[in-house]
Amino acid sequence: MTLLATTAILLGLVLGAAGLTWLERRLLGWWQDRYGPNRVGPFGVFQVLADMIKILFKDDWIPPFADKCVFTLAPAIVMATGLLAFAVVPIGEHFHIAANWNVALLFFLAVTSLGVYSVLLGGWASNSKYALLGGIRAGAQTISYEVFMGLSLMGVVVIAGSFALTDIVHAQHGLWFIFPQFIGFVIFLIAGLAETHRLPLDLPEAEHELTAGFHTEYSSMKFGMFFIGEYVGVILIAAMITTLFLGGWLAPFGLPEAPWFWFTAKTAVFVVFFILLRASIPRPRYDQMMGYGWKVLLPLSLLNVLVTGAVVLAGGVR
């Protein structure tokens with residue numbers, strides 16, 4: 001039964017990520033006072049199916065100048081790491097997608113860090129200057145912002161006293177961590193945007209500079225895996241924000257407990273937030289983004305760990 005449930009959830013994640021392409025276009029159309037998809041089916045909902053059919057039947061072309069083996073492997077890595085990280089996400093009190101480990105948070109950080117190999121290998125194997133520049137940008141951006149992502153969570157770990165995601169959720173009974181760890185929450189949110197290459201931090205694939213960055217030479221299902229992998233990453237970061245800072249499956253304001261509903265609702269709010277950011281915030285320059293990380297986020301994250309540790313030692317939290 002667990003295997004069937006896990007398979008169903010992972011399949012739902014992939015289909016949900018595909019559905020986000022429709023939701024994003026509808027929300028952006030509404031936000032920018034224009035039409036989104038509205039031709040294929042009611043409210044254009046079958047546009048996703050049309051796009052999937054189109055991408056399946058496109059010519060799966062591999063450039064003759066590319067490293068064919070690595071070029072083919074790169075898109076699979078981004079999908080595999082995105083889905084594997086969901087293994088430790090607790091959806092309810094007694095339901096994890098795969099495992100309830102006491103080092104679940106470390107597993108999440110380790111697996112998501114492997115995703116950088118996808119864009120680095122894709123950019124290098126394409127043997128194209130635009131793809132290579134995008135891959136180098138992605139590598140520098142991802143590795144840098146992983147530092148701040150990890151440090152932003154140390155306050156949560158200190159207060160909860162555990163790396164287990166279930167224990168972290170239980171520690172939020174009565175007070176969600178978004179309040180005592182608001183700085184950590186903001187840093188994790190920004191680092192999540194950088195990890196998933198979402199606007200305004202999509203500089204590794206900036207169309208106005210690099211045509212499409214690290215996936216310039218990709219087509220058909222290989223491009224589709226990069227594309228869907230990005231949306232899987234968005235859902236993952238939203239789910240982790242829910243788990244780490246918003247009480248996971250816990251009901252807010254004393255409302256009736258409904259673990260699946262509350263977890264899904266909180267995650268959906270941040271998915272929509274990520275989408276609407278694309279319509280409202282322009283891109284910074286690449287040097288501005290890197291400077292902001294090392295000059296602002298790093299000191300803030302270290303200060304957050306220092307203050308949290310001092311308060312806990314003084315007996316003000318636990």
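Let's start with one residue. Asp60 counts as partly exposed, at 38% relative accessibility. The cut-offs are these: buried is under 20% relative accessible area, exposed is over 50%, and partly exposed is in between, with a 1.4 Å probe and protein chains only. Keep Asp60 in mind.

First, the ground rules. This is a predicted model, where local features need pLDDT of at least 70, side-chain atom pairs count only at pLDDT 80 or more, and totals for chains, interfaces and linings use all residues. Residues are numbered from 1 along each chain as its sequence is written, and side-chain values use heavy atoms, with hydrogens and water left out.

Now, confidence. pLDDT is the predictor's confidence in each residue, from 0 to 100. The chain averages 84. A score of at least 70 is reached by 93% of the residues. Among the elements, helix α7, residues 154-160, has the highest mean, 92. Helix α10, residues 207-210, has the lowest, 56. Where pLDDT is low, the predicted coordinates should not be read in detail.

Next, the overall build. The chain has 13 helices and two strands. The radius of gyration is 20 Å, close to the 20 Å from the globule rule for 318 residues, so the chain is as compact as a globular protein of that length. That radius is taken over C-alpha atoms, and the rule is 2.2 Å times the number of residues to the power 0.38. Helices here are DSSP runs of H or I, at least four residues, and strands are runs of E, at least two, numbered from the N terminus. Along its principal axes the C-alpha trace spans about 65 × 45 × 40 Å. Of the 318 residues, 53% count as buried. Take contacts, meaning heavy atoms within 4.5 Å. Among those between residues at least 6 apart in sequence, 76% join residues at least 24 apart.

A salt bridge is a side-chain nitrogen of Lys or Arg within 4 Å of a carboxyl oxygen of Asp or Glu. How many are there by this rule? The count is six.

One of them joins Asp51 and Arg25, with the closest N and O atoms 3.1 Å apart. This pair links distant parts of the chain: Asp51 is in helix α2, residues 47-57, Arg25 is in helix α1, residues 2-31, and they are 26 residues apart. Asp51 is partly exposed at 24%. Arg25 is partly exposed too, at 38%.

Which residue does Asp60 pair with? Its partner is Lys222, and the closest N and O atoms are 2.8 Å apart. Lys222 sits in helix α11, residues 220-245, while Asp60 sits in the loop between α2 and α3, so numbered 162 residues apart, they link distant parts of the chain. Lys222 is buried, at 10%.

Then there is Arg198 with Glu230, 2.8 Å from N to O. Arg198 lies in the loop between α9 and α10 and Glu230 in helix α11, so the pair ties together parts 32 residues apart in sequence. Both Arg198 and Glu230 are buried. They also belong to a network of salt bridges that links Glu24, Arg198, Glu230 and Arg278.

On to the aromatics. Rings of Phe, Tyr and Trp (its six-membered ring) pair if their centres lie within 6.5 Å; planes under 30 degrees apart are stacked, over 60 edge-to-face, and the rest tilted. The whole structure has 15 aromatic pairs. Take Tyr145 and Phe148: their ring centres are 5.2 Å apart and their planes are at 80 degrees, so this pair is edge-to-face. Both lie in helix α6, residues 129-152, three residues apart, about one turn of the helix. Tyr145 is buried at 1%, and Phe148 is buried at 0%.

Phe261 and Trp262 have centres 5.0 Å apart and planes at 70 degrees, so they are edge-to-face as well. Is each one buried or exposed? Phe261 is exposed at 51%. Trp262 is buried at 15%. There is also one aromatic cluster, formed by Phe182, Phe185, Phe188, Phe245, Phe270, Phe273 and Phe274.

Most residues other than glycine have a negative phi. Phe43 has a positive phi, near 60 degrees. Phe43 lies in the loop between α1 and α2 and is exposed at 61%. His197 also has a positive phi, about 60 degrees. His197 lies in the loop between α9 and α10 and is buried at 9%.
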